[in-house]
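Subject: Structure handover

Hi,

Here is the structure I promised to pass on. My notes follow below it.

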Amino acid sequence: MEQEKKNSLEELMKTTMEHVKVMADANTIIGTPIHAEGVTLIPVSRMSFGVGGGGTEFSVKAGAAKEGFGGGSGASAKLEPVAFLIVREDGSVKLLPVAPPPATTVDRVIETVPEVVDKVINFIEKQQEKKAQKKTEEDFAE
C-alpha cells in the first residue's frame with residue numbers, strides 16, 4: 001500500500017515536470033528564423049518559470065481498508081523577448097537588443113529620473129541667470 005501512495009505523488013510531479021520540459025524547449029528560447037530580403041532575423045527570448053506541488057493522505061471512511069490521497073501541482077512560465085540576431089547575406093551578424101517597457105511604477109520612476117534631474121538643473125540655472133541679470137540692472141541703476 002505504501003508503494004501505491006508513493007506512486008500517486010510521484011506521478012503527479014512527473015506529469016508536471018514533463019509539461020515544464022515541453023515549455024522550456026530550446027526552440028522556445030531561440031525562435032523560428034524570419035527570412036526577408038537577404039536578412040534573417042532570429043528572435044531570442046528569456047524564460048522564467050516556477051513549479052509547486054503538494055499532497056496529503058487521509059482516510060476515506062472509518063473502517064475502510066484503503067487510504068485516500070489528494071494532491072495538486074502547478075507550473076507557470078513567463079517568456080520575454082530579449083533581442084534579435086540579425087544575419088545578413090554577406091555573413092555579418094548583429095545583436096539588436098529589445099528593451100521591454102517598464103513593468104512597475106518604480107521602473108517608470110527610475111527611467112524618468114534623468115529627465116527630471118535635467119529639468120531641475122535647467123530651472124535652477126534660469127533662476128540664477130535671472131538673479132544675476134537683476135543684480136546687474138540694480139548695479140547699473142546706482
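Helices (H or I, at least four residues) and strands (E, at least two) are DSSP runs, numbered from the N terminus. With that in place, Glu80 lies in strand S3, residues 67–88.

**Ground rules**

This is a predicted model: local features need pLDDT of at least 70, side-chain atom pairs count only at pLDDT 80 or more, and totals for chains, interfaces and linings use all residues. Residues are numbered from 1 along each chain as its sequence is written, and side-chain values use heavy atoms, with hydrogens and water left out.

**The chain as a whole**

pLDDT is the predictor's confidence in each residue, from 0 to 100. The protein chain averages 78, and 81% of the residues score at least 70. Residues 1–5 have a pLDDT below 50. Beyond near neighbours in sequence, that stretch has 5 contacts in the model. A contact means heavy atoms within 4.5 Å.

The protein chain has 3 helices and 4 strands. From the N terminus on, the order is α-α-β-β-β-β-α. Among contacts with a separation of 6 or more, 52% join residues 24 or more positions apart.

How much of the chain counts as buried? Of the 142 residues, 8% do. Buried means under 20% relative accessible area, exposed over 50%, and partly exposed in between (1.4 Å probe, protein chains only). The accessible surface of the protein chain comes to about 11500 Å². Carbon and sulfur atoms hold 59% of that surface. These areas come from the Shrake-Rupley method with a 1.4 Å probe; for residues, only the protein chains shown count as cover.

Ile30 sits in the loop between helix H2 (26–29) and S1. Ile30 is partly exposed, because its relative accessible area is 41%. Not counting residues up to four places away in sequence, Ile30 touches Ile42, Pro43 and Val44.

Glu37 is in the loop between strand S1 (34–36) and S2. Its relative accessibility is 85%, so Glu37 counts as exposed. Look at the backbone here: phi of Glu37 is near 45°, a positive value in a residue other than glycine. Most residues other than glycine have a negative phi.

Thr40 is in strand S2. Why does Thr40 count as buried? Because its relative accessible area is 18%. The side chain of Thr40 makes a polar contact with the side chain of His35, at 3.1 Å. A polar contact is a pair of N or O atoms within 3.5 Å; within protein, one must be able to donate a hydrogen and the other to accept it, and residues adjacent in sequence count only if both atoms are side-chain atoms. Leaving out residues up to four places away in sequence, Thr40 touches Pro33, Ile34, His35, Leu85, Ile86 and Val87.

Ser45 is also in strand S2, which covers residues 39–59. Ser45 is buried, because its relative accessibility is 16%. Which residues does Ser45 contact, leaving aside neighbours within four places in sequence? They are Thr28, Ile29, Leu79, Glu80, Pro81 and Val82.

**Glu80 and Val98**

Back to Glu80. This residue is partly exposed, with a relative accessible area of 25%. Leaving aside neighbours within four places in sequence, Glu80 is in contact with Ser45 and Arg46. The C-alpha atoms of Glu80 and Val98 are 9.6 Å apart. Along the chain, the two are 18 residues apart.

Val98 is in the loop between strand S4 (93–97) and helix H3 (105–141). At 28% relative accessibility, Val98 counts as partly exposed. Not counting residues up to four places away in sequence, Val98 touches Pro81, Val82, Ala83 and Phe84. The C-alpha atoms of Val98 and Phe84 are separated by 7.4 Å.

**Helix H3**

Ile124 lies in helix H3. Ile124 is partly exposed, with a relative accessible area of 41%.

Best wishes
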